Amino acid sequence: MSGRRRAVCWSDLPPELLSKIAECLDSRPQIQQFRAVCKSWGSAISPSVLTSKNILSPLFPYPLTNIQYPSPWLDSPTQSPVLVSTSVFLLRSTFDPNLPPWLFAAEELHPGKLFVSKSLSPIAIENFPTDLDFSYIQVSELAVFHRVRSADDPTDLFTKKHLSDFNDNRVVLFVHPSKITSPTTGIGDCTAMVLHHNGALSAIVLKNGREVSISSMLRKFDDIVNFKGNIYAKITYDPIVEVYCGKRKRLAVSSDQQELFLIYRWCRSTVSDVVAFNIYKLNEQESKWERVKGFGDDRIILFVTFDGCFFASVNDFQGWKGNCIVFYSACFASYSSLNAIVLVRFWFITWRMMVVNI
Amino acid sequence: MASSSSSSLSRVVVKSSDNNLFVVNKKVASQSQLLKQCIDNMEEKGTNDVILIPLSNVTSNILTLVLEYCEKHADFADDDNNNQELKQWDHEFLKKFDYATLNSLTMAADYMVTKSLLNLCCQFIADSIKDLTVQQIRQIFDIKNDFTPQEEADIKNENAWAFR
């Protein structure tokens, strides 16, 4: 052993090694932190490292590389399916709390590129401001949803203004109970339960891309959620998944993950503008649904979107009543055969609040 | 280190920057592309003598660590099934070191072209700074902030969109 102590200086590490370390970081904010440490660390990182990283989640977009053409997911051999996540963000001004909040959804199909849409619909927000000053804005994430997209052209998603042009599906991720406690569990150990636009349900094992159909031809599913593990639909396929189904029904898990609600919309009469909801809460002990009058809390609002349901606090939406349901009619069809085009309470996003941007 | 191979060159001698000699099994040495290249070159020339490879950039205490790593990985070289065990070992291996040692080890892994060790070090360093603030990173790595306040503000505003 040498007794000589060599002075070690981390800022003198060769740029190629610094760059290699930065590439091991998961997300863009982490790389930005890295660059801000000192000049040599900052200059070692090429912009390509920065743009190759995800903004929303280090896990998504997750390429399903094992799914290859021919597959129902893909129209052509050049396409590849990607599991993406969508986050619903609520922006509030810290400058003036009385300004109305701003709600939108952001999806990341390609690392570093966001598709920003109005939160209740799949319509793109055009002219999204690029110079938001986050020292005046408080950001909170209200919900995260997942779906599979197929893409061949990296600009594909961004050339289309309406995501409904895509073959819509919804994905809920499950991890086998035995895997949850393992420290090495990653997204590769998940099974993606996919609810297809036609109501069919299938499971994709992310590790090998194997897709197994769960629903038979006749049975259709309306919604899918991951809730605690109290409702089990045992299926012939491992792992055991928590699935609950219903026709024209929506499932909503409370923000604290402790309650599961089932909501369905129906028309009271042939008059199309009369809208009613039935709300049920899961009684876990007796494994049955109990009819309830509301969500039992005047401080919450339920949002029903194309991607799924989420609760929000009424405190964030001045002038709103709690215990109400907000949805865009097209994404929550009526239980009756009447396809009433009713807008119960669709909140139009305005640009007014962006005035905070001084 | 046990010699098992019957080939002409089963062992090499590696010399550290502070002139200590290490006798290394060929299979172990092959974990480093630099050493492997030297061995291959000598074998092409048909040398039967034990060869000496001087490493001018690696001190003996760091070289000991690199060789410890190489030895472990040489044991597992033909066996993919033990990946999990090896991963665990890798993690425990790096956990023992202070940041100064980690720095030298990373440099040595780079110099000796021991790719897996280099990747391991980089990932380990990345993992340990991931959840730290810029201030904390500077502190644990003993790095001076050489940005002007203006430069610092510019970096901060570069991409306001990355809010998570």
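Helix axes, in this talk, are lines fitted to C-alpha atoms, over the stretch in contact, and angles run from 0 to 180 degrees between N-to-C directions. Helices themselves are DSSP runs (H or I, at least four residues), numbered from the N terminus.

Good morning. This is a predicted model, in which local features need pLDDT of at least 70 and side-chain atom pairs count only at pLDDT 80 or more, while totals for chains, interfaces and linings use all residues. Residues are numbered from 1 along each chain as its sequence is written, chains are lettered from A in the order in which they are written, and side-chain values use heavy atoms, with hydrogens and water left out.

I begin between the chains. The axes of H1(A) and H6(B) come within 8 Å, crossing at roughly 65 degrees. That crossing is right-handed (the near helix is turned clockwise from the far one by less than a right angle). From H1(A), Leu17(A), Lys20(A) and Ile21(A) take part, and from H6(B), Leu118(B), Asn119(B), Cys122(B), Ile125(B) and Ala126(B); contact means heavy atoms within 4.5 Å. These residues divide into six nonpolar, one polar and one charged. In this scheme Ala, Val, Leu, Ile, Met, Phe, Trp, Tyr, Cys and Pro count as nonpolar, Asp, Glu, Lys and Arg as charged, and the others, Gly among them, as polar.

Next, the interface as a whole. The size of an interface is often given as the accessible area lost when the parts come together. Here about 4,000 Å² is buried between chain B and chain A, and carbon and sulfur atoms give 64% of that area; the value is computed with a 1.4 Å probe and summed over both parts. Chain B contributes 43 residues to the contact and chain A contributes 41 residues.

How many salt bridges does the rule find across the interface of chain B and chain A? There are two, a salt bridge being a side-chain nitrogen of Lys or Arg within 4 Å of a carboxyl oxygen of Asp or Glu. Over all chains, the structure holds twelve. In one salt bridge, the side chains of Lys130(B) and Asp26(A) meet at 2.9 Å, N to O. Lys130(B) lies in the loop between H6 and H7 of chain B, and Asp26(A) in the loop between helix H1 (15-23) and helix H2 (28-35) of chain A, so the pair joins two chains.

I turn now to packing within chain B. Helix H4 (residues 83-95) and helix H6 (residues 115-129) have axes that come within 11 Å and cross at roughly 65 degrees. H4(B) passes H6(B) in a right-handed crossing. On the H4(B) side are Asp90(B), His91(B), Phe93(B), Leu94(B) and Lys95(B), which meet Leu117(B), Leu120(B), Cys121(B) and Phe124(B) in H6(B). By class, this contact has six nonpolar, one polar and two charged residues.

Finally, one residue of H6(B), namely Leu120(B). What does Leu120(B) touch, not counting residues up to four places away in sequence? Its partners are Tyr69(B), Asp90(B) and Leu94(B). Leu120(B) and Asp90(B) are 30 residues apart in sequence, and their C-alpha atoms are 7.6 Å apart in space.

Key. Buried area = accessible area lost by both parts, 1.4 Å probe.
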